[in-house]
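This briefing is for a reader who has not seen the structure before. Please look through the sequence and the model before reading on.

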Amino acid sequence: MQSNSNPASLSKRAKGWIFDVYPSNPGEVAVWVIGENGERVRFTDKFQSKIYVSGKQENIERLSSQFFSSQSIASWDFVYKYAHPTDAEKSKVLEVTLTDCRRTSSFTRSILKAGNYLKYEVHNCDLHGDRAYLFSHNLFPLALVEVENEKTGLRYTLLDSVESMDYTIPPFRTIKLNVEIAKKGKIANLKDPIDKIEVTQGSKQVIIDSGEEGEKLLQLAEAVRELDPDIILTIGGDSYLFPYLIQRATVNNVLDKFILSRDDAHFVPKAAAGRTFFSYGRTFYKASTVRLYGRVHIDASNTFILNEAEFEGLIEIARTCRVPLHTASRSSIGSSMSSLQFYQAVKDEVLIPRNKSIPEAFKSAYELLVGDRGGFVYEPQVGIHDGIGEVDFTSMYPSLMVKKNISAETVLCNCCPESRLRIPELNYHICEKREGIVPKALRPIVSKRLQYKRLRDETQDSELKETYDRRQAALKWILVTCFGYLGYRNAKFGTVDGHIGVCAFGRDAFLKAARMAELRGFTVIHGIVDSLWLKKEDATIPEYGDLCKKVSAEIGVSLNFEGRYKWIVFLPSKVHPRIGVLNRYYGVMENGKVKIR
């Protein structure tokens, strides 16, 4: 079997999909394209990332005079950018072009140290090389492009749009890799030898179970080279499988020949530096990533979005958030959303801060009591009910963030103290002169998800219906996360005041919807943040539909009729039987759907 990859970078032109991007040699990036003709082509492009330094003019001018002897710097210049998200005007900053994007972290530390961590602020230093390259060319993973290799570098013609919903993707070649270990004890460890290796591609299966251990590893490398997969799928590949294979290759002195990447890059032995973190009362461990070059390794046990929305959802996240596939498969939703915000900031010439720099506004105890209250909840009427209809706001908080222009630089801005756009109860003003980075980033996602849901409901093709549903489910997680991320301490463009403001707008919209329903003769049986359970004797489906249209028009956030229940039960508290539990109920809808919370 012959591989149809072209790693020699001899091609002058190709039409296909951008598959992988990563820094290769200093000042260069490798770009793999899956051609329409099925060929996998490797291009090399010149690229040097930039970081920015701001501070007092005399300080940054003095700093620039020290750059002549630095081997990390290709060039430097003074340019005008928005140094901080809240700035209304551009200011003069120092732009530093680095010889190698992989030196960004060490160079950033040296700048901060030179200024005693007080004189200088470093920006765009968190932007990874692959992302910086994609942003600079206005590209995204799996974009359909024409690539031409010219003397000055690669020239791209984009034949795709990140907003497209009927995009095509290349037919990926995928293999599943599994290794059986000859355990000497009850629990396998890195010292145990390999028993058998299984490689599966569709109906084909390669079993490697003969020869010395070193020969088995080389047979695996040869099988991967011949099958030439785009994606290698494992279970536990990051946490154990690949570290184990690397260790066995080291022991058998074949590490330099044990190559699974498309690029001629062998593995580098290193201690698995996983990360343990605490979230919502639970402790989690996230294994370090094992990176392949020219191929994508996906660990099914170390991915969130693949489990929630399968490959269609993963591809949607990678395209929409402009995150390479191997990163998107492992990243938290918050990290993927940050990438989208970073792209928007680069596009708007706003520098990305190294640390979140916008503090929460001072509040009195009374303002905290009034403003920081979360979502509104109606206490349920305990018991069994029939003939109840459920109405839900679609993506309520993200829609409000877009509609009300909620972002770090827009809430309590310096330019619009007399703004007519005010946060209820707290009376904080919101900028009317410019749209914030957060709503700009969210707007296409909110719109795209609504269109995917519409396409899913309209199509009669079962395969298309499933595809649209997985894509909208992936985008749903972005929208679910964006509100909480707005108040996250490390969110570059987050704001606690905006987080509180979204809750206030949500409460206001929710109460308006409830009042409008009551004016039309409905009784509110229960309500949670963005959902209402309404009852009206002999109410027709068109009456619910009319109510939703009126509320949507009045509030500006879409309210949808989810259906009517044959019966629904709201449960009492075990401690106080007369009081209903807010988030425990079950029922059967008229269409037969069972809903249990």
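The points below cover a sheet, a helix pair and a pocket.

This is a predicted model, in which local features need pLDDT of at least 70, side-chain atom pairs count only at pLDDT 80 or more, and totals for chains, interfaces and linings use all residues. Residues are numbered from 1 along each chain as its sequence is written, and side-chain values use heavy atoms, with hydrogens and water left out. Helices (H or I, at least four residues) and strands (E, at least two) are DSSP runs numbered from the N terminus.

**Sheet and its helices**

- An open sheet is formed by 4 strands in the order S6-S7-S5-S8, with antiparallel pairing; two strands pair if DSSP finds at least two bridges between them.
- Strand S6 (73–81) and strand S8 (121–123) are the edge strands, each pairing on one side only.
- On average, neighbouring strands of this sheet are turned by 30 degrees against each other, direction ignored.
- S6 and strand S7 (residues 91–98) run antiparallel and are joined by 8 bridges; Trp76 stands opposite Val96 in S7.
- Helix H1 (residues 57–64) packs on the sheet and touches strand S5 (50–54), S6 and S7, where contact means heavy atoms within 4.5 Å. The direction of H1 makes about 20 degrees with that of S7.
- Helix H2 (residues 104–114) also packs on the sheet, touching S5, S6, S7 and S8, and its direction makes about 15 degrees with that of S5.

**Helix pair H8 and H12**

- The axes of helix H8 (residues 333–347) and helix H12 (residues 462–486) come within 9 Å and cross at roughly 85 degrees. Axes are lines fitted to C-alpha atoms, for helices over the stretch in contact, and angles run from 0 to 180 degrees between N-to-C directions.
- H8 and H12 are therefore roughly perpendicular to each other (65 to 115 degrees).
- Residues making the contact include Ile333 and Met337 of H8 and Trp477 and Tyr485 of H12.

**Second largest pocket**

- The second largest pocket holds about 1100 Å³ of space. A pocket is an open set of points on a 1 Å grid over the protein atoms alone, where a 1.4 Å probe fits, with protein on both sides within 12 Å along at least five of seven lines; lining residues have an atom within 4 Å of a point. The volume is the space filled by probe spheres set on the points.
- Its lining has 37 residues, and Asp392, Phe393, Arg449, Lys476 and Asp530 lie nearest the centre.
- H12 gives the largest share of this lining, 7 residues.

Note on methods: Parallel < 35°, antiparallel > 145°, perpendicular 65-115°, else oblique.
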